[in-house]
Amino acid sequence: MQNFRSIPLLLAFISGGMLLHAQQPAIIPAPVSTIWQDGKFIIDKHTVLIADAADSSSAGFFNTYLQQIYGMRLPVLPTGEQPQTDYIRLYSAAAPGDGEGREGRYTLRVAPGSVTINGDTHSGVFYGMQTLLQLLPVSPYVALSSGPAVRVGAQSGGLSIPAVSIEDYPRFAYRGLHLDVGRHFFPVSFIKKYIDYIALHKMNYFHWHLTEDQGWRIEIKKYPRLTEVGSCRSNTIIGHFPGTGNDSTPHCGYYTQEEIKEVVKYAADRYITILPEIELPGHSSAALTAYPWLGCTGGPYKVQGTWGVFKDVYCAGNDSVFTFLEDVLDEVMALFPSKLIHIGGDECPKDSWKVCPKCQKRIKDNGLKDENGLQSYFVQRIEKYLNSKGRQIIGWDEILEGGLAPNATVMSWRGEQGGIDAAKQNHDVIMTPGEYVYFDHSQLQNDDSLTIGGYLPLEKVYQYEPVPPGLTEAESKHIRGAQANVWTEYISNTRKVEYMLLPRLSALSEVLWSPKEKRSWPDFVRRLQTQYIRYQLWKANYYHAYLPPTDTLVQQKLAQWQDSKFGLLMHWGTYSQWGIVESWSICPEDEGWTVRRGPYNADYNEYVKAYRNLQTTFNPTKFDPAKWAAAAKDAGMKYVVFTTKHHDGFCMFDTRQTDYKITSAKTPFSSNPRSNVAKEVFDAFRSDGFMIGAYFSKPDWNSPNYWWPYFPPRDRNVNYDPAKYPERWQAFKDYTYNQIEELMTGYGRMDLLWLDGGWVRPLNSIDESVDWQKSIPYDQDIDMPKIAAMARSHQPGLIVVDRSVGGAYENYTTPEQQVPAHPMDDPWESCLTMGNSWSYVPNDHYKSTTELIHLLVKIVSRGGNFLLNVGPSPEGEWDDTAYVRLREMGAWLKVNGEGIYNSKPVRPYSSGDEVFLTQRKDGSATYVFYLSGKDKEVTLPAEVSVDRLKIQKKSRIHLLGVKGGENIRWKQEDRKLVLEIPAKLQNKVVGEHGVAFIILSAGH
């Protein structure tokens, strides 16, 4: 264990016991019916693609994907040249009796000699081809920064696809994704990539938001100043609205009509309809700046460099405005064949209309009630024009106000009520409520990245149901589908667009495609592990969502662990005799923690020989685990994680897999009745009520199947290519599996399996932004699904912590020798040493009790657990200082622990450097910890302030464990809570390390 890792957003690999080499690849969105069969089809140099001209776009997409990901293409032949075998055939033909067939429906048959995709329509063929792409193997392929993926190892034989029979069709006709290019402009190359993301998820509408207050992005030849002037703003605000200034940097960009034609064709080849949006009558600052006569005042106007809603809008009383908009829409319609044209219609202030003589005259001449009626007039006039051209309008739900033509479609964004109202009025509806599908909202409650606000986790997207309750069957048919929106006020680059999009787009695709009754969150989580690898192969930037366990027993145990807050970690092995950094010195790397010292340091081989000989002198005769357990219990610790094996491979338990162990006859301590150290530790702590965790190193530098003696070790990694020597690697996998099974079966109840050595992982899961992961040369997949399934079969509810690998087998994260600067949404644990070293070092410098208590409070206030490491000596004892620290921590927790255990983080989490907050899980009490300075004594000023905390009027506040600390007076100064400290407690020592105030809500 060493401080060489960060808290990365890591790629995941596999989940739920499913192997990527097995017969059930992960398909998202889930098909209507899937029947897996025996056998497989191999795509190789002999395979041909059979497709007539009508399905050439599907064939082309398939070949492009093969080329980009796998570096191969297939010859395309017409139907008349189909061979007897080794072909993939694409064709469209509706089933007998279906007439023209159902849009999007397809069947896919994979047999050992052929693959056939039959769509009712050509779009069905395309969607069937998308499913076929998801049957292609994702392992052992690894994406590179450029060019196709590389196949790990020496295997050959083409691309294997399992035999299967699939019947499938979409649930909703409209499956959409939006992108705002008004606030931030994105190049055509990215727009095409964005369209590919839509296509890869079997979605079929791209809502292109082309005009805004901050930029006009579409060339209109009749009005060139729209792009000459309106496409460029002089600056953009810095930070959250209203900002801390501006960047003084112009932001410009627009799409020429030729580029738009190119994009429209690109989308059409993927059976995607582009829905253009020209905002009116509001969000029009860019157009008004280009042509000031479009506004009520004539200007001056400016292309906005900030966000929000602006008062200047198109003048509704000026007929030339409608002529302008009709001219613009004529050019738009010539570019976009979509039946629907989006006209916005939202967030239109009426301020300028109220004082505009022309607008007031329009209201009077048309018998309108007020300015709201004027907006309805505006929308309806544009609607009639578009209808006269054979098009229909679609707009945000504000367009409902004042009435619409029957063929108008409504996008319900302000919740679901607008959609419900529209459906009851027999309008078609696209559901796009911010609560469920605004992908500009954060995926984390505490996101370091700048976002517009809101919180939309993956699971909430997946649980969305587009058809609201309360509609009749006839009304429900008007819910045509749904769409996710990506507004870009705070999204200025393409990588962040992708990060906000994925994996939430995958969740929404299943909501919109798959039958409602087929949707299963646990199964989606399982399939998402493979989808993460596809994102990597696509070279997409994505948010690696924490995947909570779906097993209810694991959920319960994880909740118990989170409530425990404070645990003990012990690194112990033969290395304690030398007082070095665990076993790292035998790793041939040039790092500070691998430095060799002592009489053997000059010669690596002699050093390793002497190191391994430490087994013959290891005799911890003072080993007394009951003493440790008692001290840890008195300290307030609730769980223990003990090192059963470090990277050197020396086992502190009685394994049958190797003789390099504490119970070997080579080890002097083997004759001691307590020689099975791990069992003794687990039993002693278990009897004192602790949760029990086994630290286990996945790499094993003593195993000849990890560091093969045939080759010298080069670094911490396996020293041969597992793909080139699969039998040797399989022997190591079996060795690892068997050792873990021994721990799971012969050592009593086990609560945590804590796996260290994160470089032993599938190569696909490497995050190249993390330095130490870049050096991993080989795929080191030890089959975690199999290991986890075995472990949980023996230990139901077992928490598995596959450190740094992410996915289904990292049930919580473990930042090492650090405390995250901000609260984290998902379960986590800071692992820190009491001294400077993880393992025993004579005369080590130990943190003070005050430092340790401050760390505990900070960690818990941010939602984490504190795992504190103490390294036993070679004699089997702790340093006396460790006992003192634990005793003093325990004394403090006896007074203040109610604010630590079973608590949750609460905003604002902290105030200044000395105030930190927690809250009871039921919300009935909030705790304010006031920490001491560098000295351990706590003295209170006349007032203790907590910024950004507002409490109920009848709340009561007490100071825990301090006589005279009852019923502390308090006052609320706007959003600041001020505790008024009684005079008798001011400027005197009231405690050590920190004190806690409890705020009891009214009625408690």
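A residue counts as buried when its relative accessible area is under 20%. I note this cut-off at the start of my entries, and I also note that the model I am reading is a predicted one.

**Entry 1: Q214**

I looked up Q214 and found it in the loop between β12 (211-212) and β13 (215-216). Is Q214 buried or exposed? Its relative accessibility is 0%, so I have to count Q214 as buried. I then listed what Q214 touches, leaving out residues up to four places away in sequence, and wrote down G182, R183, R233, V303, Q304, T306, W307 and F310. For one of these residues, T306, I also looked up the spacing: it is 92 residues from Q214 along the chain, yet the two C-alpha atoms are separated by 7.6 Å.

**Entry 2: the nonpolar cores**

Next I asked which residues touch the most other members of the largest nonpolar core. They are W208 and Y314, in a core that has 159 residues.

I traced an open sheet whose 7 strands follow the order β1-β9-β5-β6-β4-β2-β3, with mixed pairing. At its edges I found β1 (33-43) and β3 (76-77), and because each has a single partner strand, one side of each is left without a neighbour in the sheet.

Going through the pairs within this sheet, I noted that β2 and β4 pair in the parallel sense over 4 bridges, with V48 having Y87 of β4 as its bridge partner. β4 is also joined to β6 by 6 bridges, again with the strands running parallel, and here R89 has T116 of β6 as its bridge partner.

Helix α1 (residues 56-70) lies across β1, β2 (48-51), β3, β4 (87-92) and β9, and it runs at about 160° to β2.

**Entry 3: a helix pair**

How do α22 and α24 cross? I found that the axes of α22 (residues 726-745) and α24 (residues 784-794) come within 9 Å and cross at roughly 15°. Since angles under 35 degrees count as roughly parallel, I recorded α22 as roughly parallel to α24. The crossing of the two helices is right-handed. On the α22 side the residues in contact are T736, Y737, I740, E741, M744 and T745, and they meet K786, I787, M790, A791 and H794 in α24.

**Entry 4: the sheet of 3 strands**

Last, I looked up an open sheet of 3 strands, in the order β34-β37-β36, and found antiparallel pairing. Its edge strands are β34 (943-946) and β36 (969-973), each of which pairs on one side only, and the twist from one strand to the next averages 20°. Between β34 and β37 (residues 976-980) I noted 4 bridges in the antiparallel sense, and I found V944 standing opposite L979 in β37.

Note on methods:
Residues are numbered from 1 along each chain as its sequence is written. This is a predicted model: local features need pLDDT of at least 70, side-chain atom pairs count only at pLDDT 80 or more; totals for chains, interfaces and linings use all residues. Side-chain values use heavy atoms; hydrogens and water are left out. A nonpolar core is a set of buried Ala, Val, Leu, Ile, Met, Phe, Trp, Tyr and Cys residues joined through side-chain atoms within 4.5 Å. Buried means under 20% relative accessible area, exposed over 50%, partly exposed in between (1.4 Å probe, protein chains only). Two strands pair if DSSP finds at least two bridges between them. Axes are lines fitted to C-alpha atoms, for helices over the stretch in contact, and angles run from 0 to 180 degrees between N-to-C directions. Contact means heavy atoms within 4.5 Å. Angles under 35 degrees count as roughly parallel, over 145 as roughly antiparallel, 65 to 115 as roughly perpendicular and the rest as oblique. A crossing is left-handed if the near helix is turned anticlockwise from the far one by less than a right angle, and right-handed if clockwise.
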